[in-house]
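Trainee: I've got a new structure to look at and I'm a bit lost. Could we walk through it together?

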Amino acid sequence: MCGIVGYIGHRDAYPVVLKGLQRLEYRGYDSAGIAIYDGEELKLCKTQGKVADLKEKLENTITTHGNVAIGHTRWATHGVPNDVNSHPHYSNSGDLVIIHNGIIENYDALKKELQTRGYTFKSDTDTEVLVNLIEDVILKENVKLGKAVQIALNQTIGAYAIAVYNKSKPDEIVVARLGSPLAIGVGEDEFFIASDASPFIEFTKNAIYLEDGEMAVIRRNKEVKVRKIQDDTLVDPYLQELQLNLEQIEKGGYDHFMLKEIHEQPTAIKDTYRGRMLPDEGLIRMAGVDDNLERIANAKRILIVACGTSWHAGLVAEYIFEELARIPVEVEYASEFRYRNPIISEKDVIIAISQSGETADTMAAIKLAKEKGAFAFGVCNVVGSSISRETNAGAYTHAGPEIGVASTKAFTTQITVLTLMALKLAKHNGTISNTDFRTYLQELELVPGKIEKALEADEHIKYISDIYKDARNCLYLGRGFNFPVALEGALKLKEISYIHAEGYPAAEMKHGPIALIDEEMPVVVIATKKGHYEKVVSNIQEIKSRKGKIIAIVTEGDTEVRELADHVIEVPETIEPLTPLVTTIPLQLLSYHIAVMLGKNVDQPRNLAKSVTVE
Ligand code: F6R
């Protein structure tokens, strides 16, 4: 996790790097720091807290003038969040300075070795070890910074995206990556470095994404030389034109990114199916599936691996794939999958779902499955991300940047992509009739409008949020396609409001959680028509007779549940497998309003980060 930003060129580097850090705060926000070279001296300021705290401290302590700077926003791994452990870190001589996203696993052994040679350490971080290791190589081997970084990295085990600067060679920055993302923005006589392209999007649309195991020496007014870290081979870098624009990464009048992203879902879903779904022709086009149709459609089994919200999307997909394409599906937490000895055959297809495309556990799960011969398919949002490159084929969700740490539009667009994929396989395998296929496409086209309608309940949801904002626990229940939605609703509430919440399949309630129910316990029940409606109504009766408070998500016009529930929130009707796309919306709004009312930091909840690049 952590965000890194750097600049070398002709403009004032500080505002570029500061703004860049603000954009990357979604990656970590427990401390931040910047080092600026003003032409003579290297100045550094760092602090525990957010980038806004850094700005205040920095502008009161150092001059901000200079054309080279590197900055960091941290999500602590080694060492608690405090000023000393914040990046950048100096080497012992004070000549080198480094920023790092990742973990150096063998840092302890390296540190001990450096200590025997007189090196001292101020922080508890692995990063300070790395910068001193680089310095040690420069001194021992009498090599330039680029070579020293290469030699030092070949002694490390772990993951990194780093930028290193040497004030006695002030016209170059050396960067490297393994397991953590790093993009280089290429402008006119200027270069930008960042964990993703958002910090430099208003300056240049041209970027080089370093591949794993590559490093680059970036020289002021000159060039970027890319090499392989392991064997020093020169690489011809691929200059990519970015599609991202500035509005996409700003709040656009909303109070929070999360709220903006909740409201973007109708458009995001349209962007997901645009060009892929051709209802008039009764066709779905998805290049990643079309090019590998036989391989995927004949899979003996589909394994879905993901984490968090993406895992919940995987659970919805399991129901949809099995319902439509009749292919057996298993869904696993990537973090569990990677550390057991799973039985995987060459006839398996693994689908990795990841908004960021950088989640370390999901990445490791793909590598494991590929080693065992499975075909890997990626469903990612971030274009060019590590997972999208590691997989054999894939489909992007095209949701646009998701910046709020709590995932919203990523979830619904992942379900949309996976539904399209299931429909396509079903058609190919003859497990769906032409009529049903067309009905699905027509219904999918109506979903964005139905989400707009669901969003209209916002004021009513705010009212309900006010009643329950002080609850200490909350239970979420759903059945069938809406069981994963219950899990997702509970996750949203706990991660941004810090209220304990559990999601359960409604029928499981009587096997334990029912003991929790009393007049203090709000229970959110997804009770839309179709599916297991009558059964869910019985579950609601069970809650009511134990005095639990019922907030029911119901289909427009429902009367039966209305009589039982304390509150109902209506959503438009759709075909059952597509209901998660609409039932999720009120749950997102409920958690959003409760968190805002409790004064929580909605977009940057405590202890979390958007991109989990450590295991
Ligand atoms: C929850 C949330 C996380 C992510 C998880 C996986 O709102 O955002 O649970 O879903 O960290 O992240 P990706 O999808 O980037 O692999």
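Trainee: Okay, starting with strand E9: how many bridges join E9 to strand E10?

Mentor: Keep in mind that this is a predicted model. E9 covers residues 183-187 and E10 covers residues 190-194, and the two run antiparallel. One of the pairings puts Ala183 with Ala194 as its bridge partner in E10. The number of bridges joining E9 to E10 is five.

Trainee: And which residue in the turn of the E9 and E10 hairpin has a positive phi?

Mentor: There are two residues between E9 and E10 in that hairpin.

Trainee: What is the bridge partner of Gly185 in E11?

Mentor: E9 also pairs with strand E11, residues 206-209, through three bridges. Those two strands run antiparallel as well. For Gly185, the partner in E11 is Ala207.

Trainee: So is E9 largely enclosed or left open by the rest of the structure?

Mentor: Let's count buried residues, where buried means under 20% relative accessible area. Four of the five residues of E9 are buried, so the rest of the structure leaves this strand largely enclosed.

Trainee: Which strands stand at the edges of the open sheet?

Mentor: The open sheet has eight strands in the order E3-E2-E4-E1-E10-E9-E11-E15, with antiparallel pairing. A strand at the edge has a single partner strand, so one side of it is left without a neighbour in the sheet.

Trainee: Which strands does helix H2 touch?

Mentor: H2, residues 51-61, packs on the sheet, and its direction makes about 140 degrees with that of E3. Its contacts are with E2, E3 and E4.

Trainee: Moving on to helices H10 and H14, are they roughly parallel or roughly antiparallel?

Mentor: Two packed helices are described by the angle between their axes and the distance between the axes. Here the axes of H10 (residues 308-324) and H14 (residues 409-429) come within 9 Å and cross at roughly 25 degrees. Angles under 35 degrees count as roughly parallel, so H10 and H14 are roughly parallel.

Trainee: How many residues of the contact of H10 with H14 are nonpolar?

Mentor: H10 brings residues including Val316, Ile320 and Phe321, and H14 brings Leu418 and Leu425 among others. Dividing up the contact gives no charged residues and five polar ones, and the nonpolar count is 14.

Trainee: Last one: is Thr309 buried or exposed?

Mentor: Thr309 is in helix H10. The residues Thr309 touches include Phe411, Gln414 and Leu491. Its relative accessibility is 8%, so Thr309 counts as buried.

Definitions and conventions. Residues are numbered from 1 along each chain as its sequence is written. This is a predicted model: local features need pLDDT of at least 70, side-chain atom pairs count only at pLDDT 80 or more; totals for chains, interfaces and linings use all residues. Side-chain values use heavy atoms; hydrogens and water are left out. Axes are lines fitted to C-alpha atoms, for helices over the stretch in contact, and angles run from 0 to 180 degrees between N-to-C directions. Angles under 35 degrees count as roughly parallel, over 145 as roughly antiparallel, 65 to 115 as roughly perpendicular and the rest as oblique. Contact means heavy atoms within 4.5 Å. Ala, Val, Leu, Ile, Met, Phe, Trp, Tyr, Cys and Pro count as nonpolar, Asp, Glu, Lys and Arg as charged, and the others, Gly among them, as polar. Buried means under 20% relative accessible area, exposed over 50%, partly exposed in between (1.4 Å probe, protein chains only). Two strands pair if DSSP finds at least two bridges between them. Lists of a residue's contacts leave out its neighbours within four places in sequence.
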